[in-house]
Structures are given as structure tokens and as C-alpha cells.
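Look over the sequence and the structure below before reading on.

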Amino acid sequence: MKDPSFHNTIIQFDFKLSGQTTDLRLVTGSGGHYNSVTQIHRDHFQVNTPVDRDAGLVPAQLGECVRGSRPDQWQTMTVEYWGDEIVAHLSDSEFVLGKHPIIDRTRQYFAFQFDLPGASIDNVRVWAASGQREDWSETRKKLAKAQANRNPVSRDPAERYKLAYMNLKSRLTLEDQAYRDLVARHEKLQAALHADYAEAFVTHKQLGKRIAKKKQHIKETDPGFKIMETRVHKASRAEDNYVLSQKPELARLKEDGVNRNRFPSELGLVRAKLDAAGDKQLAALIAETARLQAALEARFPEAFESVDAAIEKRNAVRKSLNNDPEFQARNKTVADAGKAVKDYEHKASPGLTQLEAASKAYIDSLKSSDAK
């Protein structure tokens, strides 16, 4: 849908989990951000809300419901939005009821997402909701009670801790001003420290952007870069053209609106077979591309610095600050503020300590098994 705009609404769609798909999502959002995610797995479905830093909101799971695994069978999902409430249901007994401020927004897009190929979507309907049912207050109480009393989704200890911690943070963020103050203090101290010692705290993502920006600047200011890069691209295309010449019928996939995405995959399979068979012409073409790429990187090494190398430089800067008393004092203040947040969370949910310990023991057991 182009330029949709809907607030109180009902979305309904038929779906079928087939093939490799294990995760199907209906996503709604506005302003370039999500505001609700109805997530369907093979054995359950759930409703999630995302982070909204501008509004001071953190992610939450509003509810979940076990569903029978029905591979290759069509089902109908209905998702109803009204104000800050959402109800997603497959049947009278299979439903998720939720309430969150982020739901109470005008939705400007929706999308379906899949983790892996195989699922199908059909009969998508969107209606404007005209009002709530007259007995909604009583019905809501019945649904909430049924949702609270039903069997939870089976999860391993690490997943249980992660979910419990996420929902605790969400609840405290929405309801507890003292908690919000502690978090705000920690974030303010941390942001100031990171700003004053930027090179010690630059992130992996930021380093990648720096390298990309540097490469783009060189490309725009040095004609030699573009000339050499064009030679690399031509050599790479020569490889593809040779592989295609061994199975020219693949060319039709490039013109097929349905199957054109298969073209690179099928071409890759042919390339792999030629490579495994020791095709000398393909090997020569690959070697020429590699030679040209190596020459380009040797001429402009700063444009091809690896993120790993940049991270090593950052870590060296961070290590050098171990002898800086001012940095150490400020870093300790940030750590203490973070610990205050953690302590508050554990006091607000006494069972969190046990869940965290069980999660750690479970993860350690997996690592031990992998080591063997």
C-alpha cells in the first residue's frame, strides 16, 4: 500500500508456514520506525513492541500464545488496534491481548517479513475500526485472566531470562520515575565520557562508516582510484560472463520478473561446479581480478583498512587511558551508576537473580559441550 494512514484499525490475513520459514511477522509503523510486531512461529505467536529512543521507550513483549504446529495449512490471523490496545487472534482461545503507549499511533505502513523462504500470505484486508464493543471492559478482564493463567511457551533458561529482563525494563520505564532517573543519570554520565574520549569508545558501526566515507572521498577526489576500480569491475564481469557462457539458458532468469532473483544463485552454483572441477579458464579470470584488486588496495591502502584493524587501534587508545587518573575516576562513576540501575532492577524483581544464574549456567553448559 502506498502512503497508508490508519490508527484504530483491523488487519486480517491468511498465512501458511511452509518450506524453511519459522518466523513470519506483520509489522506496522510510522515515521520510519516500527510500533508493533505480530510474530508467528511454528509453535506459538506473540506481540512485541520495539524501542523508541525519542519517546524513552524500550522493547517489550505484550503477550504470547501457544499454537498447534500446522505446517502447510492455511490459517487466518486477525489483529485489532484501538487506542493503546492490541488483540491478535487465530481463534477464541488462541489470542494475545496487549496494551502499550507505542500502539496508540497513526500507522503509515505495514509489511510482512519472513526469516527464510517458504511461507505464503493471501487475502490481506485492512478495515478502519469504527468503535469498541459495548462489553469490552468485561471482555478485556476475561481475556487478560485467561492469558495470565494459560501455559507459557516452552523456552530454554537463556530465553526465559532475556524475556523476563526485557519486560521488567519496559515495566519500570513506563511506571517508575525513580528507575527512569537512575537510567537517565547513567546514560548522561556515559554519553559525556564517550564524547570526551571519543576515540576510545568509537563503535564497530562507526568505524565501518568512517572507512566507507574515507573510501568515497578518495573515489571522488582521485581519478586514479576510479580507473583502477573500473578495471576490477570489468574483470569480475568477465568471470560472470564466462560462467554464463557455460550455461547460457540462465540468461532468461534475468528477464523473468518472478525468477530474476534466482539468477545470481543459479550462476553461483554453476561457478562452484566449474571451480570444483578445476576449470583453468575460470581460474585465470579469478586470478586476474585478484591481481587488479590487490593493485588497487596497494595504491590506496587507507580506503581498504579493515574494521578489525581499526578496532585494534581503538583498543590501544582505550588501554592507554588506564594510566589516566581523570578517565579512571569518571569511568568508575559511570560503572557505579550502571550498577545502581542493575541493583534497582534486582530489587524490583527478586526472582531475576535466579533466572540470570540459570541462564549463565545454561550458556556455560553449551560452551562446555561445544569445546568437547
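Contact here means that heavy atoms lie within 4.5 Å, and the model to which this is applied is a predicted one. Leaving aside neighbours within four places in sequence, Asp-23 is in contact with Gln-39, Ile-40, His-41, Gln-113, Phe-114 and Asp-115. Asp-23 belongs to strand E2, which covers residues 23-30, and its side chain makes a polar contact of 2.8 Å with the side chain of Gln-39. Because buried means under 20% relative accessible area, Asp-23, at 9%, counts as buried.

The largest nonpolar core holds 25 residues, of which Phe-15, Ile-40, Phe-45 and Met-77 touch the most other members. Two or more residues of this core come from each of the strands E1, E2, E4, E5, E6 and E7. Apart from it there is another core, of ten residues, including Leu-253 and Val-270.

Side chains of opposite charge can pair when their charged atoms come close. The count of salt bridges comes to 21, and the table shows three of these pairs.

| Glu-94 | Arg-70 | 3.8 Å |

Glu-85 is buried, with a relative accessible area of 8%, whereas Arg-140, at 29%, is partly exposed. Asp-240 in helix H6 and Arg-271 in helix H8 are 31 residues apart in sequence; Asp-240 is partly exposed at 31% relative accessible area, and Arg-271 is partly exposed at 23%.

Notes:
Residues numbered from 1 in each chain as written. Predicted model: local features only at pLDDT ≥ 70, side-chain atom pairs only at ≥ 80, totals over all residues. Heavy atoms only, no water. Helix = DSSP H or I, 4+ residues; strand = E, 2+ residues; numbered from the N terminus. Buried < 20%, exposed > 50% of the residue type's maximum accessible area, 1.4 Å probe, protein only. Polar contact = N/O pair within 3.5 Å; in protein donor to acceptor, adjacent residues only side chain to side chain. Core = buried A, V, L, I, M, F, W, Y, C linked by side-chain atoms within 4.5 Å. Salt bridge = Lys/Arg side-chain N within 4 Å of Asp/Glu carboxyl O.
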